[in-house]
Amino acid sequence: MQHSEIPGVRGAFVGVDVFFVLSGFLITTLLYEEAQATGQISVARFLRNRAIRLMPPLLMFLAAAIAIGPYFWPNDNFPLISLITALYLTDYVNTFLGELSIAMHTWSLAVEQHYYLIWPMIVLYLCKVSADQRIRFLIVAFILLTLWRISNAWFLSDWALTAYRFDTRASGLVIGSALALTTVAITKKAANILGLFSLVALCCLALTLDGRPFLVACAQPVIDLAAAGLIVSIIGRESTAFGRLLSWQPIVYCGVISYSLYLWHYPISRALLQYTTDWRVILGVTFVLSFGLAALTYEFVERPLKQWRHLKRATTVP
């Protein structure tokens, strides 16, 4: 929504922070289950599976950028931009060398990739210590990462210098990981209340926060904790209001194609901004085109690869 320049929506980046918390929860759950079942984590297999899942749609997007991008942005070096993006360097390139045109939004994918590189070994370590030590480690890590971002925002007043880097955006990944390694049991009523409170807090922050680095950095722990609260409210609680909402088929399908939807939406909105400033036109056309491209990418790229992985896993298991 923010990329369509909707009036009053200044903090749509909150959605990315919610994604980081959710990603930390899901990835750590997978790694922890593997470590518990086998006593080890195959980092090579984990990274290979992540590459098979994520790289084909990304390469498809970059191929389209190289082919079509010069018609809209003739002065941009799309082969170089594509190489930087494919190497998952956009978070630090955006920070220190300038935003990478239509691939600027892939900084979040780079943050994720850096997380993938270091977190399996940390999870393996956490599996070998007591539950109390595990929680202390993650709480300390969350506090230190939060203080690191706040201190960076205090001394570096430019938004880009603190907004895109892995080291300044990792707190959400850590708190999501903490959820995966902690048993949280609450009643259905408490889950509904927590979910509502968390959703309202996130919406308020999305509508009120702007691009002032220090303000956003100070609000970051609230965003992370509210995102964690939202996840807690739906874990194993399909009968709650939020569980029923998220099980609605259109929302489920949007979640299924969300990765490709994220890849396509930004360049489309950027291109439309060259022809109109009407946010309603930009939002509507961006949604229709990016949804269509995302659905095609999922049906012809992501789903066949997913089926191939499942078939391969079934044929290799003794």
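Trainee: Where does S101 lie?

Mentor: S101 is found in the loop between α4 and α5. The names of such elements follow DSSP runs, counted from the N terminus (helices: H or I, at least four residues; strands: E, at least two). This is a predicted model, in which local features need pLDDT of at least 70 and side-chain atom pairs count only at pLDDT 80 or more, while totals for chains, interfaces and linings use all residues. Residues are numbered from 1 along each chain as its sequence is written, and side-chain values use heavy atoms, with hydrogens and water left out.

Trainee: Why is S101 called buried?

Mentor: Buried means under 20% relative accessible area, exposed means over 50%, and partly exposed lies in between (1.4 Å probe, protein chains only). S101 has a relative accessible area of 10%, so S101 is buried.

Trainee: What is noted about the phi of S101?

Mentor: The phi of S101 is positive, about 45°, although S101 is not a glycine. Most residues other than glycine have a negative phi. Y88, in the loop between α3 (78-86) and α4 (90-96), also has a positive phi, near 55°.

Trainee: How do you know whether Y88 is buried or exposed?

Mentor: The relative accessibility of Y88 is 9%, and therefore Y88 counts as buried.

Trainee: What is meant by a nonpolar core, and how many residues has the largest one?

Mentor: A nonpolar core is a set of buried Ala, Val, Leu, Ile, Met, Phe, Trp, Tyr and Cys residues joined through side-chain atoms within 4.5 Å. The largest has 53 residues, and Y88 and W119 are among those with the most contacts inside it. Elements that give two or more residues to this core include α1 (14-38), α5 (107-127) and α6 (131-155). The largest share, 11 residues, comes from α5.

Trainee: Which residues is W119 in contact with, apart from its neighbours within four places in sequence?

Mentor: Contact means heavy atoms within 4.5 Å. By that rule W119 touches T28, L31, L138, V174 and S177.

Trainee: Why is α9 called roughly parallel to α11?

Mentor: Axes are lines fitted to C-alpha atoms, for helices over the stretch in contact, and angles run from 0 to 180 degrees between N-to-C directions. The two helices pack at an angle of about 30°, with axes 10 Å apart. That angle therefore makes α9 roughly parallel to α11 (under 35 degrees is roughly parallel, over 145 roughly antiparallel, 65 to 115 roughly perpendicular and the rest oblique).

Trainee: Which residues make this contact, and how do they divide by class?

Mentor: S171, G172, I175 and L179 of α9 meet Q220, D224, L225, A228, I231 and V232 of α11. They divide into six nonpolar, three polar and one charged. Ala, Val, Leu, Ile, Met, Phe, Trp, Tyr, Cys and Pro count as nonpolar, Asp, Glu, Lys and Arg as charged, and the others, Gly among them, as polar.

Trainee: How do α5 and α6 cross?

Mentor: Their axes come within 9 Å and cross at roughly 145°. W119, I122, Y125, L126 and C127 in α5 meet R134, F137 and L138 in α6. By class, this contact has seven nonpolar, no polar and one charged residues.
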